[in-house]
Amino acid sequence: MRHPIGRRLRRDDGMSTVEYTLGTLAACAFAVILYKVITSPMVQNGLTAVLRKALNTAF
């Protein structure tokens, strides 16, 4: 029979601090890339064109 303390020390109930850190860094990196894409002139011009077309459409 195994000792209960050994079982308690080996439990894997959630993420560790390193996993939280890597997840946070990945989310921040994704946010920076998304911000760069959205603020690029090509995307801004495309969004502006879509909005102008939508606002100038007669119902």
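Keep in mind that the model is a predicted one. Buried has a set meaning here: a residue must have under 20% relative accessible area.

Start with the overall plan. The chain contains 3 helices and 0 strands. Read from the N terminus, its elements follow the order α-α-α. The accessible surface of the chain is about 5900 Å². Carbon and sulfur atoms account for 68% of that surface.

Now go to helix α2. This helix covers residues 17-38. Isoleucine 38 belongs to helix α2. Is Isoleucine 38 buried, exposed or partly exposed? Its relative accessible area is 42%. Partly exposed lies between the buried limit of 20% and the exposed limit of 50%, so Isoleucine 38 is partly exposed.

Finish with helix α3. Helix α3 runs over residues 41-55, which gives 15 residues. From its first C-alpha to its last, helix α3 reaches 21 Å. That is close to the 21 Å expected at 1.5 Å a residue. How many of the 15 residues of α3 are buried? The count is 0, and α3 is hardly covered.

Methods
Residues are numbered from 1 along each chain as its sequence is written. This is a predicted model: local features need pLDDT of at least 70, side-chain atom pairs count only at pLDDT 80 or more; totals for chains, interfaces and linings use all residues. Side-chain values use heavy atoms; hydrogens and water are left out. Helices (H or I, at least four residues) and strands (E, at least two) are DSSP runs, numbered from the N terminus. Buried means under 20% relative accessible area, exposed over 50%, partly exposed in between (1.4 Å probe, protein chains only). Accessible areas come from the Shrake-Rupley method with a 1.4 Å probe; for residues, only the protein chains shown count as cover. The expected span of a helix is 1.5 Å times one less than its number of residues.
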